[in-house]
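Subject: Structure handover

Hi,

Here is the structure we talked about. Please open it and keep it beside you while you read my notes.

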Amino acid sequence: MATGGSNQPHILVFPYPAQGHMLPLLDLTHHLALHDFIITIIITPKNLPTLRPLISAHPITIHTLVLPFPAHPNLPSGVENVRDIGNAGNFPISNALGKLREPIIHWYESHHNPPVALISDFFLGWTLHLAQQINIPRVAFFSSQVLLSFVLDQCCSVLSALEKSSCSVVEFPDFPGSPSFKEEHLPSIVRLCRESKPDTDFVRDGLMANYSSWGCVFNTFEDLEGEYLRYLKKKLGHRRIYGVGPLSSLGIRERPDPENNLDCASVLAWLDECPDDSVLYVCFGSQKLLKRQQMEALASALEQSGIQFIWVVKTGTAEQVTAGIGVVPDGFEERIGKKGLVVKSWAPQVMILGHRAVGGFLSHCGWNSTLEGIEAGVRILGWPMEADQHVNARLLVECMGIATRVCEGADAVPEPAELGKAIAKSMSENAPEKMKAKEFREKALAAVSDGGSSLNDLDELVRELRQLHKPVANEMVKQ
């Protein structure tokens, strides 16, 4: 049985250890594996379980390079993923991973069939210099939309000017549509980079390196950001800019959290009893926990809305629970009865959103959740909080018209009666977002169907990567 010799092109893949970054890159890796590439994934021990479905599907062609997670003074011992520490952990995690440069080079130099290209997450921009050192092209993978990549690049390029500016609104006149954002709505990582320190400088320099990569791959699609993709090709002066989303359509399956054992059948059974388009799905991603006042306000709003709902609640540490963080108010579940379902574990989000009964999604507007909502054709009720979420919400609300903002800010506490009314209005039959959401669902599905824009870009990426490979004539493939 072939295990991958020099006659098969070899690609090195380096995911960033945050769920919203890892999963779409693993979906892309799955697609590449279907095209007869040998793939090695750089991973640290505690993130290895996330790869199990992918390795099970491709036991011959997908390999791992497991390296110890480097220590960092600002990371608690044992932390290897952003979900274990929150958004503030991006700087120390990025810097810690930068220490893997030498072990990767050593592995590369000793490999019998070294990779011909490196595909790495946009939070790992330092790998451009790694790729240059071993003389292979680097492809920057963006688990995000194109607009975010531009905002990050521009803000990092003029960081000193932003620091001195007294303007409360930052404008981007060169980008299509001339978007602008309140200063506090810029990506969290940009605002944190303003304080020049070794950790922040390292991350900022990496973000600025992304556009200098050989190619850029985005988890987006033509009908969503075609104008932006074309702009970036013109700006960078080459055509190796690929919109390949929604990648969740091309992956293997949803990956349950092994630490939780949700009875998916019971969730489906509950949904089966609900009328079409009647249920609101509420989830704020794998990292965010709401404070006590936010939990109480949201619970009250859901109750007052009169809408059926599924509310996924992330459970915090014992200390957080004591402070009421992520804690459902006492008596809430008893009062709502069969009107709602509270899930205190991992939930099969794609399955839930795709159910006929689900018509709305109250979301933090993380990009993966955004694409999954678009693909399901549900109205999105946006509560952007941090990171890229305000940028994503702008696209959903102002450009696409499939979402409404119902709250914004990581510390905001919505007024329960107002939020309840907004939920009821958005879930009504006549909500204008309903038809727009259905329209974009069809566009998203078309993009990843035969002849669609995303599959065409994936095919082009495969062709370009194959051209980098120079097989050794007459070499025997190991058996």
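**The sheet**

Leu362 has Leu381 in β14 as its bridge partner. Before going on, note that this is a predicted model, in which local features need pLDDT of at least 70 and side-chain atom pairs count only at pLDDT 80 or more, while totals for chains, interfaces and linings use all residues. Residues are numbered from 1 along each chain as its sequence is written, and side-chain values use heavy atoms, with hydrogens and water left out.

Strands here are DSSP runs of E with at least two residues, and helices are runs of H or I with at least four; both are numbered from the N terminus. Two strands pair if DSSP finds at least two bridges between them. β13 and β14 pair in the parallel sense, over four bridges.

Where do these strands sit? Six strands form an open sheet, in the order β12-β11-β10-β13-β14-β15, with parallel pairing. β12 (340-343) and β15 (403-405) are the edge strands, and each pairs on one side only. From one strand to the next, the twist averages 15°. (Angles run from 0 to 180 degrees between N-to-C directions; axes are lines fitted to C-alpha atoms, for helices over the stretch in contact.)

β10 (residues 279-283) and β11 (residues 308-312) also pair in the parallel sense over four bridges. Val282 stands opposite Trp311 in β11.

Buried means under 20% relative accessible area, exposed over 50%, and partly exposed in between (1.4 Å probe, protein chains only).

**Two helices**

α16 (residues 367-376) and α17 (residues 389-400) pack at an angle of about 30°, with axes 10 Å apart. That makes α16 roughly parallel to α17. (Roughly parallel is under 35 degrees, roughly antiparallel over 145, roughly perpendicular 65 to 115, and the rest oblique.) Trp367, Thr370 and Ile374 of α16 make the contact with Asn392, Leu395, Leu396 and Met400 of α17. Contact means heavy atoms within 4.5 Å.

**Cysteines**

How many disulfides does a search of the whole structure find? A disulfide is a pair of cysteine sulfur atoms within 2.5 Å. The closest cysteine sulfur to that of Cys365 is in Cys407, 11 Å away, too far for a bond. Cys365 counts as buried because its relative accessibility is 1%. Cys156 counts as buried too, at 4%.

Best wishes
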